[in-house]
Amino acid sequence: MLGAFGDESVYHEAENRLGRSLTLHEVIALEFRTVRTPLAEVTDWVRENVRVRAGFGELAERHRPLIVSSGFLELIAPVLEREGIELEVRANRLDPLADGWQAVFRNHEPCVVCGEPCKRADVTHLGEFAYVGDGFSDRCVALAATRVFARDGLASYLERMRVSFTPFEDFDDVERALP
């Protein structure tokens with residue numbers, strides 16, 4: 001979405017500074033501030049172009065997972081609606097201003113573990129839980145999970161940290177591994 005509607009040079013620069021000189025919230029805010037397209041046009045594009053990984057619908061129907069995202073409800077909800085999936089979603093919100101979208105973060109309190117506002121705050125009430133993730137924003141919360149399914153950047157991070165996880169390609173892999 002940012003490649004289609006934002007400034008890719010800002011995106012790449014911000015991503016390169018993530019976790020070094022910029023926090024996740026700072027990166028997200030910088031990247032989305034470059035989007036000036038009306039939200040309705042972007043959500044139409046999202047509905048048409050964003051795909052969910054294979055097996056998500058079946059996993060959602062069987063397990064009713066809580067979706068915790070560093071993305072935006074306004075961009076997640078249209079995809080879930082298209083797929084006919086109704087789940088609880090905890091995500092950031094957008095203020096799609098004409099001079100650049102503003103991120104409205106759901107969590108501002110720093111985590112006692114990582115020192116940043118993170119997804120862990122959204123799952124502390126769950127007790128034992130399995131977690132499925134792939135990126136930077138999944139790091140801290142994955143460390144709190146009873147079982148972790150990881151790919152991409154999260155898998156690399158967990159390997160470096162010597163934390164056990166189950167690799168996955170799609171949600172069919174996750175579904176086969178869950179009881």
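How many bridges join β2 to strand β3, and do these strands run parallel or antiparallel? In this predicted model, three bridges connect β2 with β3 (residues 102-104), and the two strands run antiparallel. Across this pairing, D95 stands opposite Q102 in β3. The strands β2 and β3 form a hairpin in which six residues lie between them, and within the turn G100 adopts a positive phi of about 135 degrees.

On the other pairing of β2 (residues 89-95), three bridges join this strand to β1 (residues 67-72), and here the strands run parallel. One of the residues involved is V68, whose bridge partner in β2 is R90. Together with helix α6, the strands β1 and β2 make up a β-α-β unit that is right-handed.

Helix α6 (residues 73-83) also meets helix α4 (residues 39-49), the axes of the two coming within 9 Å and crossing at roughly 40 degrees. The crossing in which α4 passes α6 is right-handed. On the α4 side, the contact involves L39, V42, T43, V46 and R47, which meet E74, L75, P78, V79 and R82 in α6. Classified by residue type, the contact between α4 and α6 comprises six nonpolar, one polar and three charged residues.

Terms used. Residues are numbered from 1 along each chain as its sequence is written. This is a predicted model: local features need pLDDT of at least 70, side-chain atom pairs count only at pLDDT 80 or more; totals for chains, interfaces and linings use all residues. Side-chain values use heavy atoms; hydrogens and water are left out. Axes are lines fitted to C-alpha atoms, for helices over the stretch in contact, and angles run from 0 to 180 degrees between N-to-C directions. Helices (H or I, at least four residues) and strands (E, at least two) are DSSP runs, numbered from the N terminus. A crossing is left-handed if the near helix is turned anticlockwise from the far one by less than a right angle, and right-handed if clockwise. Contact means heavy atoms within 4.5 Å. Ala, Val, Leu, Ile, Met, Phe, Trp, Tyr, Cys and Pro count as nonpolar, Asp, Glu, Lys and Arg as charged, and the others, Gly among them, as polar. Two strands pair if DSSP finds at least two bridges between them. A crossover is right-handed if, with the strands pointing away from the viewer, the path from the first strand over the helix to the second runs clockwise.
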